[in-house]
Structure formats: C-alpha cells, structure tokens
Amino acid sequence: MLNAGEIFERIDVTKYSLKKLVLVPLLILLLALAVLGYSQFSTGSPVKLSMDFTGGTVVKVRTAEEEHALKAIFADFPLKSVRDFSEPSGATGKMLIFGPMSKAEKERLNKTLYEHFGDAYEIPRDISGVVGKRYLEQAITAVLVAFLMMAIVVLFVFKTPVPSFAVVLSAFSDIVIATACMNIVGMELSLGTIAALLMLIGYSVDSDILLTTKILRGRGELNEKVRSAMKTGLTMTATTIAAVFAMFFVASVLPLASLFPPIPMLRDISAVLLFGLFADLMNTWMLNAGILRWYVAWKEQKSAERLVKKAKKPATFVTDARKKMTKRERKAAGTSTKTKSRKHNAGAGSGGARGGKKRK
C-alpha cells in the first residue's frame, strides 16, 4: 500500500510539461460548455430548472406505491418527479411534483387523486410561475455579483493581471463543470443548488489563492514552492471533500436502508459541492499551476534579457546622464573644461620658461 509521500510523488505536477497541464483542463472546460450549450439549444435552458423557478404543483400522497406505478396513473399530467417524504407525526408517502398546469388540468388532477387515493392526500400546493421567474432572476444575480466581487478582490490583492486571471478562470471552470455534471446526472437547478454554487465560489478560490501567494511571494525555487503549496492545498481540499461526502452519505445513502427519510436539499447541495471540489483539484493544480509556472518563467526570461542588454551598452549611463543635463549645465561644464585646459597650457608654458632661464 502506498504511503502519503509515494502518492504525492506520483501526482507531482512539476514533472509534467506546461502544455499538458493547461491543455487537459481547458479541453474539459470546453466539453462542459458544449454540454450546457446543447441543453440550452434543445430545452431553452442550460440546466433543468426545478419548480422553485418554473412554478408548478406539489401534492403529498400517503401511499406505498412505487414510482413507476404513480407515473402510470398520472401519465396525462406534467409529472416531473416523485420523492419520498416523512413527517414528524409518522406519516409517510410520496411527494408528487408537477409542472405548470392550467386551471382545468388542476381540477382534473384533484379528481384523479380522489379516485385513486380517496382522502389519503393533501390539497395540492401551487407555486406561481411569476414568483419562480423572479426567484430565478435573483438567484442568477446573486451568483454573478458574488463572482464579480471575488474577481475584484483577487485583482486588488495580487495587482497583476495574469495571476488574477488564472484564479478567476479556475473558479469559473469549477462552476461550469459542476453545472454540466448536474445536467448529465439529471439534477435540477433549485434554491439549494444555487446555494451550493455560491459556496463553491469560496471553496474553489481558497486553494487558488494559496498557490498564487506561495509562488509570487514565497522564497525558494519555483518547483519547490509549487510542491509545498500542493501539499497544503491537497490536505485542505481532501478534508473538505470528506466532510461534504459525509453529508451526502447521510442525506442520500442511509435513507436507502430505511433508517430515516431522505433529505433532498442536503443531497443536492452536497452533490454539487463534490462535483465542484473534484473539478477544483484539476483546475488548481493543473490549469492554475501551469499558467503561474509559465508566468514566472516568462518574467525571469524578460529580466535576464534586460540585464544582457544593459551589459552590452556600458556607456549608456553616461549618455543618459548627459541627456538629462540642461543646456545651461552643459554650457557650464564645457566652460569649466576649457578653463582647466587653458590653465594647464599656461602652467606648462611658464614651466618651460623657467626651465629655460635655469639652463642659461
């Protein structure tokens, strides 16, 4: 069995070329964007919207029938999903979630419910489509504002465009990949998953800022700084993944053993966070690390080129200093030089005359 040191040695990103490190995350990001684009083109939305945003009708039925049997009963209605529910009073059953319906369809739904279940159901609860649309607008605004504020803070902290862009790109990729995974597994965008995406912005930026700070402001050789940041960052992310997975296990896996009813909102939040955190491992230690390594190497190359240019032009300092002198200063310097020259010549002449007298 491999120990921690051997595992880290195998995943050490400093052993790989910069092109491979950056190319793989970018290809996955493009694939995720293609998934969302296909969904937008085919359904009119990049991800399936829940009743929180589209509106609809919720009915709780006290029955033990299976999901496929209920879908057969309500085949003529826009039944979107069937979930288990349990109440503190001990009542259990199925929660039927329907899409938007007309008034006539709702009356027909009440009749169908009474025919099949008698009084063993609650009065259908409606959510207005107008209210749902307003919820969606506010949710999208919250995500955009949070992302924009994060980008501004990152740019203010590092004050250089390339490292700041790398951090923002990694966070953007985390959110896009998590949303694409939601689309692939059939999860809906709800108030719970919106909260998970907002949390994901903070989680994803955390390790990126650690890496960027270590590389730009730390001491030592570049690859050593990357490895040091990677050890700390992987420990942080692994701890977060373990905690989120425990929440997912409690909310979705344990209810399968009939220990207690499932908790759909916690299940959705934890699933989205797991998608984003695993994507963050790739985007931070491949995409962001690759961009930062290229940026530091480029800066060192430019600095070396400037030093070589200065070494090839040793007289540049004198020339630049003379250019900075004013006309009066240059004239004064020239006059001073001429005066010294005359004195020197006069001294040489008088010396020669005195020597001539002595020879006589």
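Student: How many residues apart are glutamate 224 and arginine 227 in helix H9?

Tutor: They are three residues apart in helix H9 (residues 222-253), which means that about one helical turn separates glutamate 224 and arginine 227; helices here are DSSP runs of H or I with at least four residues, numbered from the N terminus. The model is a predicted one, in which local features need pLDDT of at least 70 and side-chain atom pairs count only at pLDDT 80 or more, while totals for chains, interfaces and linings use all residues. Residues are numbered from 1 along each chain as its sequence is written, and side-chain values use heavy atoms, with hydrogens and water left out.

Student: What do glutamate 224 and arginine 227 form?

Tutor: Side chains of opposite charge can pair when their charged atoms come close. Glutamate 224 and arginine 227 form a salt bridge, with the closest N and O atoms 2.6 Å apart; the term requires a side-chain nitrogen of Lys or Arg within 4 Å of a carboxyl oxygen of Asp or Glu. By this rule the count is five salt bridges.

Student: Which salt bridge involves glutamate 67?

Tutor: Glutamate 67 pairs with lysine 71 at 3.0 Å, N to O, and the two lie four residues apart in helix H4 (residues 67-73), about one helical turn.

Student: Is aspartate 268 buried or exposed?

Tutor: Buried means under 20% relative accessible area, exposed over 50%, and partly exposed in between (1.4 Å probe, protein chains only). Aspartate 268, at 12%, is buried, whereas arginine 267, at 28%, is partly exposed; their side chains meet in a salt bridge of 3.3 Å, N to O.
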